[in-house]
Amino acid sequence: MNLNNHLSEVKTSKIRQFDAYCSQFKDVIKLTLGQPLFPTPSPVKAKAIEAIDKNITYYTPNIGAAETIDAVLKYCKEQLGLAYGKDEILMTVGSTEALTVTLRTLLNDGDEVLIPAPVYPGYEPLVKLYGGVVKYVDTAADNFELTPEAIKKQITPRTKCIIVTDPNNPTGVTMSRQNRDRLVDYLAETGIYVIADEVYNRIIYTGDYRSLGTYDKLRKRLIIVNSFSKSHSMTGWRIGFLLADQSMVQELMKSHQYYVTAACSVTQYALQAVNDVQTEKEVAVMVHDYRECRDYAYDFLVKLGFVMPKPEGAFYLFASAEKFGMDGDEFAKRLVEQQSVAIIPGSAFSDEYKKYVRLSYCVDLDLLKTALDRIKKFVESL
Ligand SMILES: Cc1ncc(COP(=O)(O)O)c(C=O)c1O
């Protein structure tokens with residue numbers, strides 16, 4: 001086939017491949033995907049139904065519906081401490097479209113993109129599709145925190161931007177205040193663009209977290225991508241947004257309007273309920289339950305001998321399987337074959353992380369306990 005050359009560099013997601021492989025096992029418990037188990041908050045669902053009943057089924061303005069933008073800006077201010085204006089936001093089809101549009105807008109052929117690793121596998125294919133070159137910045141040596149020192153090893157005059165994922169997928173690590181301040185100072189000095197992927201920043205178990213959008217010195221060259229997928233259990237609704245300087249938003253709009261025209265009108269309308277007290281109550285329940293799962297799973301796995309950072313955000317554990325005498329690929333494969341528990345091999349998050357496995361704990365606590373008991377049985381049988 002005579003197709004786009006960049007496409008040949010792109011592989012399908014190993015997370016999805018392994019998840020599909022695991023589906024064949026009887027009674028399998030899946031701790032594979034970042035798919036929250038909760039329903040979307042009830043006020044948001046009610047608004048979507050209202051939108052359909054009222055025939056809100058037309059194209060919205062490219063940038064997003066005015067009422068939605070007001071609601072999302074209020075949400076950003078009240079829940080995330082972010083003060084952005086009406087011409088500094090774009091409603092997108094999940095954060096995935098926000099990332100797509102941003103990389104399409106920033107990259108010229110050969111531009112280098114710094115990506116801290118281990119890494120969410122959604123970035124590299126986009127960088128490659130738009131002619132960029134991925135340069136990984138290893139974080140494992142610094143307890144999975146991104147440091148200026150690690151960036152200095154990879155930055156070159158061709159570096160166009162960096163993607164900072166905080167809280168992180170797959171590690172669940174969030175930056176400490178001190179480290180974040182140092183990082184911001186350094187990034188402001190470099191003058192490269194910063195893409196802050198903050199999709200997990202409502203699922204936080206520490207008081208130390210702060211969005212990069214709250215640092216004035218980064219503002220001009222910062223693009224924040226976010227969505228309601230994880231925070232409001234809305235993965236299937238495909239709704240997100242990006243925040244950036246006004247002149248940057250105008251440029252980002254060019255790609256956005258020709259890719260998708262606008263985000264879905266019904267979903268946007270539903271977001272008018274995002275600031276409802278009941279919506280926030282339901283979000284708080286989710287975070288409370290994730291924290292319970294994190295505490296239980298972390299303590300359990302540490303007792304079994306796994307080594308991992310204690311996550312302060314998101315809903316993943318990234319653990320080394322080294323102690324059990326095999327790499328993450330073998331561990332995950334044998335675990336699902338012998339005990340019907342599906343987790344993701346670390347190699348899905350870049351080749352360097354073969355010794356790890358990722359476990360997603362956004363499931364029911366009782367189910368998680370059963371899965372962990374099975375992991376214990378597997379480990380004890382070795
Ligand atoms: C770090 C990170 N960024 C972005 C996304 C994409 O999410 P969405 O497009 O649903 O907002 C995900 C999904 O798992 C993710 O883990």
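Author: Helices (H or I, at least four residues) and strands (E, at least two) are DSSP runs, numbered from the N terminus. Residues are numbered from 1 along each chain as its sequence is written. The model is predicted, so local features need pLDDT of at least 70 and side-chain atom pairs count only at pLDDT 80 or more, while totals for chains, interfaces and linings use all residues.

Pro-118 is buried, because 25 other C-beta atoms lie within 10 Å, and the cut-offs, with C-beta atoms placed from the backbone, are 20 or more for buried, 12 or fewer for exposed, and partly exposed in between. Leaving aside residues up to four places away in sequence, Pro-118 touches Pro-170, Thr-171, Phe-318, Gly-346, Phe-349, Ser-350 and Tyr-353, where contact means that C-beta atoms, placed from the backbone, lie within 7 Å. Phe-349 is 231 residues from Pro-118 along the chain, yet their C-alpha atoms are separated by 5.2 Å.

As for the sheet, three strands form an open, antiparallel one in the order S9-S12-S11, and two strands pair if DSSP finds at least two bridges between them. Strand S9 (316-320) and strand S11 (344-345) are at the edges, each with a single partner strand, so one side of each has no neighbour in the sheet. S9 is joined to strand S12 (residues 356-360) by five bridges in the antiparallel sense, and Ser-320 stands opposite Tyr-356 in S12.

Technical notes:
Contact = placed C-beta atoms within 7 Å.
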